[in-house]
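This report is meant to be read with the sequence and the coordinates side by side. It takes up the nonpolar core, the surface patches and the salt bridges in turn.

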Amino acid sequence: MYYKEEFENLVQQFEEKKKEKLELPKLLRLIEKLEEKQLENENIAAKFLSLKEVLEKAKENYKINKSIFARDFRALSEYIRKEYGLVSKGFYTAVYMSLGMAIGTGIGVAFMSTNTVFFVIGIGAGLAIGSGVGAQKDKQAKEKGIVY
């Protein structure tokens, strides 16, 4: 349904470095998770077909098509997250780390009037707390079986 064999064959044609830049292992994990959960959706199938076509073109003209592929893959991942609640590995860690840094920066700025070191301490503390909370959320998501 989601062109698993075709994507596996296409992925084999790329160098390791390009595979990682295009996040092709993540794409294959997503296909496997959708098949495992038996989620069939014509809209998603059409998006995978579009991704497959862009990936085939990327073999010939990598620089132009890598940004198109990345944009389309992000849109597909976001759609699947909203529609089915499936998230990529490390999703919550990234989200909560960013949130923690933002909150830590605010706290650091608030206390910066007494000592400028509080700004750096606030960012570091926010980063640490956000990473910890995000890692815990990622662990819970993995236990629920919604991580690809």
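Predicted model: local features only at pLDDT ≥ 70, side-chain atom pairs only at ≥ 80, totals over all residues.

Residues are numbered from 1 along each chain as its sequence is written, and side-chain values use heavy atoms, with hydrogens and water left out.

**Interior**

A nonpolar core is taken here as a set of buried Ala, Val, Leu, Ile, Met, Phe, Trp, Tyr and Cys residues joined through side-chain atoms within 4.5 Å; buried means under 20% relative accessible area, exposed means over 50%, and partly exposed lies in between (1.4 Å probe, protein chains only). The largest such core has 32 residues, and those with the most contacts inside it are Leu-27, Leu-34, Phe-48 and Phe-69. Two or more residues are given to this core by each of helix 1 (4-12), helix 3 (24-36), helix 4 (42-60) and helix 5, and helix 4 gives the most, with 7 residues. The helices named throughout are DSSP runs (H or I, at least four residues), numbered from the N terminus.

Val-11 has its place in helix 1, and it counts as buried because its relative accessible area is 6%. The C-alpha atoms of Val-11 and Ser-113, which are 102 residues apart along the chain, are separated by 54 Å.

**Surface patches**

Patches are built from residues with over 30% relative accessible area and no salt bridge, like charges being joined within 9 Å and nonpolar side chains (Val, Leu, Ile, Met, Phe, Trp, Tyr) within 5 Å. Accessible areas come from the Shrake-Rupley method with a 1.4 Å probe, and for residues only the protein chains shown count as cover. Lys and Arg count as positive and Asp and Glu as negative, whereas His and the chain ends are not counted; the place of a charge is taken as NZ of Lys, CZ of Arg, CG of Asp or CD of Glu.

The positive patch on the surface gathers Lys-17, Lys-21, Lys-63 and Lys-66, with helix 2 (16-21) and helix 5 (62-84) each supplying at least two of its residues. Lys-17 is found in helix 2 and is exposed, with a relative accessible area of 62%.

The negative patch on the surface is made up of Glu-5, Glu-6, Glu-8 and Glu-32, and helix 1 gives the most to it, with 3 residues. Glu-6 and Glu-8 both lie in helix 1; Glu-6 is partly exposed at 35% relative accessibility, and Glu-8 is partly exposed at 31%. Between the C-alpha atoms of Glu-6 and Leu-49, 43 residues apart along the chain, the separation is 10.0 Å.

A nonpolar surface patch of about 650 Å² is made by Leu-99, Ile-103, Ile-107, Phe-111, Val-117, Phe-118 and Ile-121. Helix 6 (91-111) and helix 7 (117-144) each supply at least two of its residues, and the largest share, 4 residues, comes from helix 6. Ile-121 lies in helix 7 and is partly exposed, with a relative accessible area of 48%.

**Salt bridges**

Side chains of opposite charge can pair when their charged atoms come close. A salt bridge is counted here when a side-chain nitrogen of Lys or Arg is within 4 Å of a carboxyl oxygen of Asp or Glu, and by this rule the count comes to 8 salt bridges. The table lists some of them.

| Salt bridge | N to O distance |
|---|---|
| Lys-52 and Glu-56 | 3.6 Å |
| Arg-71 and Asp-72 | 3.3 Å |
| Glu-78 and Arg-81 | 2.5 Å |

Lys-52 and Glu-56 are separated by about one helical turn, because they are 4 residues apart in helix 4. Lys-52 is buried, with a relative accessible area of 12%, whereas Glu-56 is partly exposed, with a relative accessible area of 31%. Arg-71 is likewise partly exposed, with a relative accessible area of 48%.

Glu-78 and Arg-81 are 3 residues apart in helix 5, so they too are separated by about one helical turn. Glu-78 is partly exposed at 32% relative accessibility, and Arg-81 is partly exposed, with a relative accessible area of 28%. Salt bridges that share partners join Glu-78, Arg-81 and Lys-82 into one network.
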